[in-house]
Amino acid sequence: MTAAVLRQHAEIQFAEELEQLAKADDRQRPANWKLSPWAVVTYLLGGKLDNGFEVSAKYIGNRRLMEIAVATVATDRALLLFGVPGTAKSWVSEHLSAAISGDSTLLIQGTAGTSEEQIRYGWNYAQLLAHGPSENALVPSPMMNAMKLGKIARVEELTRIPADVQDTLITVLSEKTLPVPELGSEVLAARGFSVIATANNRDKGVNELSSALKRRFNTVILPVPSSEDEEVSIVVKRVRELGRALELPAEPPALKEVARIVRIFRELRNGQTEDGKSKLKTPSSTLSTAEAISVINNGMALAGHFGDGVLRPADMAAGMIGAVVKDPVQDQVVWTEYLETVVKERAEWKDLYRAFREQL
């Protein structure tokens, strides 16, 4: 059954690493934590344990940001991971929950249709009509279960949730209690309970957080990778992992190919060439690291299933154009100008230029 699963939860996929860390971890652990804060950060950033066991890096970036995030969860404040799309907010949230609680599944997915019941609790209406309000008729939310068990509750895309529903969290975060007036009772949060929420600042139609709710969160802004080398490292790692998981019949791309795709993304995202000498128009798309990974994996699928298994520029061209050109008028102009003024002028990029022009 496990082999048929496309993607395991973090606590299952990295069970051996979590077990090895727990054995080696002799530092103080907050109540109901599976690991100490030091071990949680080691799990996120990777490292070698005293027994020689290698812990893989889940997040490549600023160590201090991860220390601040873990320290926040160790206090009574909730954590908000904030940033542009594709900066690993959900990824970090999942791995924090897996390392701290051993359970990343207590998840509320924020949408415009998220209701108070999904955050607080609902009812089994057959039981409710037959016997009235009772414990048996109550359907606990992931938030309620996290409070009872002293675990982490995750709220994805908090700013997609309507403002009046967001404010349902205020009592939970400030009083650490969830009233159930229908039963004349309440759920008191067990030690170890916390909330990790994510939000991005690029979506249209998001709902601003009220000042009262903002005060209940400590916000950690996850930036885009600071350097090209750092972003290339992230892309190479995730492409390799996803290629194995999806069993793509293609060789992992050469570092040169990854570096070229990453440079295109960074230049268009930043509005200038990497050397800073030329200003560029920016497209409407976010061009996140996650999209660069997707472009290369799509190219690997094309190379493996319809080619000779070697990733070439033509395999990446369609995915690249799809990532850049979201607005068929405005973005097409930006992309064409970038091709003619930047890609065409780089002698070592002639193969990329031809592949992109053929797609156009």
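The axes of α13 and α14 come within 10 Å and cross at roughly 140 degrees; axes here are lines fitted to C-alpha atoms, for helices over the stretch in contact, and angles run from 0 to 180 degrees between N-to-C directions. The contact (heavy atoms within 4.5 Å) is made by Val258, Ile261, Phe265 and Arg269 on the α13 side and by Thr289, Glu291, Ala292, Val295 and Ile296 on the α14 side. These residues divide into six nonpolar, one polar and two charged, where Ala, Val, Leu, Ile, Met, Phe, Trp, Tyr, Cys and Pro count as nonpolar, Asp, Glu, Lys and Arg as charged, and the others, Gly among them, as polar.

The model is predicted: local features need pLDDT of at least 70, side-chain atom pairs count only at pLDDT 80 or more, and totals for chains, interfaces and linings use all residues. Residues are numbered from 1 along each chain as its sequence is written, and side-chain values use heavy atoms, with hydrogens and water left out.

Helix α13 covers residues 255-270 and reaches 22 Å from its first C-alpha to its last, close to the 22 Å expected; the expected span is 1.5 Å times one less than the number of residues. Helices (H or I, at least four residues) and strands (E, at least two) are DSSP runs, numbered from the N terminus. Among the buried residues of α13 are Val258, Ile261, Phe265 and Arg269, buried meaning under 20% relative accessible area, exposed over 50%, and partly exposed in between (1.4 Å probe, protein chains only). Their cover includes α12, α14, α15, α16 and α17. After α13 comes Gly271, with a positive phi near 75 degrees.

Most residues other than glycine have a negative phi. Glu247, in the loop between α12 and α13, has a positive phi of about 55 degrees although it is not a glycine. Glu247 is exposed, at a relative accessible area of 68%. Lys176 also has a positive phi of about 55 degrees; it sits in the loop between α10 and β8 and is partly exposed, at 22%.

Elsewhere, five strands form an open sheet in the order β4-β7-β10-β3-β11, with parallel pairing; two strands pair if DSSP finds at least two bridges between them. The edge strands are β4 and β11. β4 and β7 pair over three bridges, and Ile108 stands opposite Val155 in β7. Helix α5 packs on the sheet, touching β3, β7 and β10, its direction making about 170 degrees with that of β7. Helix α8 lies across β4, β7 and β10 at about 155 degrees to β7.
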